[in-house]
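Please view the sequence and the model first.

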Amino acid sequence: MVDTNLIDSSRDYRVSRYFNLVRVVERFYSDGAISDQELSSMKEMRSETLINYQVAADMLHKMDKKAPEYNKLKELVDYLRKCWVLMDYATDKGAVVNREQTLEPQKPLLNLNQKEKETLTLDVDAAAMALVAGLKTPEQRREANAENIARAVELMPREVKERTAQEIVQALQAMKQQDLIAARRRLLDIERSRVA
């Protein structure tokens with residue numbers, strides 16, 4: 001499940017770092033159990049990644065698509081969504097593992113008259129299929145969810161919104177700086193190749 005498509009500058013800013021989150025989740029699951037404290041930490045991390053994603057997505061929805069920062073912000077929003085999806089999945093699974101730990105181990109029931117599982121057949125019309133097909137990519141789902149994201153951001157405390165927006169701006173600046181460094185390196189390489 002680990003996606004290696006990582007923004008290179010992710011170590012330069014404090015917005016949820018995907019591989020750091022992966023390591024934390026792996027550490028939580030390393031003993032095969034999830035304690036109440038670990039579950040609480042995961043819920044807190046999930047909440048933080050959701051706030052980061054929602055504020056960045058709201059900024060993206062309000063930004064002019066012709067703005068020079070638009071593509072970088074879009075890249076950052078996609079990245080933050082990956083962070084949130086990771087923490088959402090890990091937290092949901094952690095809640096199940098935590099709950100199962102507290103239940104007494106039960107003996108498996110042996111059922112000699114097991115039936116073959118029945119399949120569910122759905123009659124889906126063309127409009128429903130078009131709707132589902134239109135929401136296949138994360139970008140399409142984000143666009144369709146723009147109103148809910150804007151409402152969630154409006155309900156956030158002002159301090160949280162401002163702090164998160166500042167972190168996102170810093171992230172964009174770090175990404176821009178990294179692009180400049182990469183461009184300078186390419187120019188130097190071209191210059192060196194001409195001299196050689």
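Q: What percentage of the residues of the chain count as buried in this predicted model?
A: The model is a predicted one. Buried means under 20% relative accessible area. Of the 196 residues of the chain, the share that counts as buried is 28%.

Q: How many helices and how many strands does the chain have?
A: Read along the sequence, the chain follows the pattern α-α-α-α-α-α-α. The count is therefore 7 helices and 0 strands.

Q: What part of the accessible surface belongs to carbon and sulfur atoms?
A: The accessible surface of the chain comes to about 14,400 Å². The part of this surface that belongs to carbon and sulfur atoms is 53%.

Q: Among contacts with a separation of 6 or more, what percentage comes from residues 24 or more positions apart?
A: A contact requires heavy atoms within 4.5 Å. Among the contacts in the chain with a separation of 6 or more, residues 24 or more positions apart account for 77%.

Q: Which element gives the most residues to the largest nonpolar core?
A: This core has 35 residues, and Met 42, Leu 73, Leu 76, Val 77 and Ile 168 touch the most other members. The elements that give two or more residues to the core are α1 (18-29), α2, α3, α6 (146-155) and α7 (158-195). With 11 residues, the element that gives the most is α3.

Q: Which class of aromatic pair do Tyr 53 and Trp 84 form?
A: A pair of aromatic rings is described by the distance of the centres and the angle of the planes. The centres of Tyr 53 and Trp 84 are 6.4 Å apart, with 10° between the planes. Planes under 30 degrees apart count as stacked. The pair of Tyr 53 and Trp 84 is therefore stacked.

Q: How many residues apart in sequence are the parts that the pair of Tyr 53 and Trp 84 ties together?
A: Tyr 53 lies in helix α2 (residues 36-62), whereas Trp 84 lies in helix α3 (residues 70-102). The pair so ties together parts whose separation in sequence is 31 residues.

Q: Is Tyr 53 buried or exposed?
A: The limit for a buried residue is a relative accessible area under 20%. Trp 84, the partner of Tyr 53 in the aromatic pair, has a relative accessible area of 22% and is partly exposed. The relative accessible area of Tyr 53 is 7%, so Tyr 53 is buried.

Q: Which residue lies over the face of Tyr 29?
A: A charge sits over a ring if, among other conditions, NZ of Lys is within 6 Å of the ring centre. At 5.4 Å from the ring centre of Tyr 29, the residue over the face is Lys 93.

Q: How far apart in space are Glu 167 and Asn 52, C-alpha to C-alpha?
A: Glu 167 is placed in helix α7 and counts as buried, at 5% relative accessibility. In sequence, Glu 167 and Asn 52 are 115 residues apart. In space, their C-alpha to C-alpha distance is 8.7 Å.

Conventions. Residues numbered from 1 in each chain as written. Predicted model: local features only at pLDDT ≥ 70, side-chain atom pairs only at ≥ 80, totals over all residues. Heavy atoms only, no water. Phe/Tyr/Trp six-rings, centres within 6.5 Å; stacked < 30°, edge-to-face > 60°. Helix = DSSP H or I, 4+ residues; strand = E, 2+ residues; numbered from the N terminus. Buried < 20%, exposed > 50% of the residue type's maximum accessible area, 1.4 Å probe, protein only. Lys NZ or Arg CZ within 6 Å of the ring centre and 35° of its normal. Areas by Shrake-Rupley, 256 points an atom, 1.4 Å probe, with all protein chains shown as cover. Core = buried A, V, L, I, M, F, W, Y, C linked by side-chain atoms within 4.5 Å.
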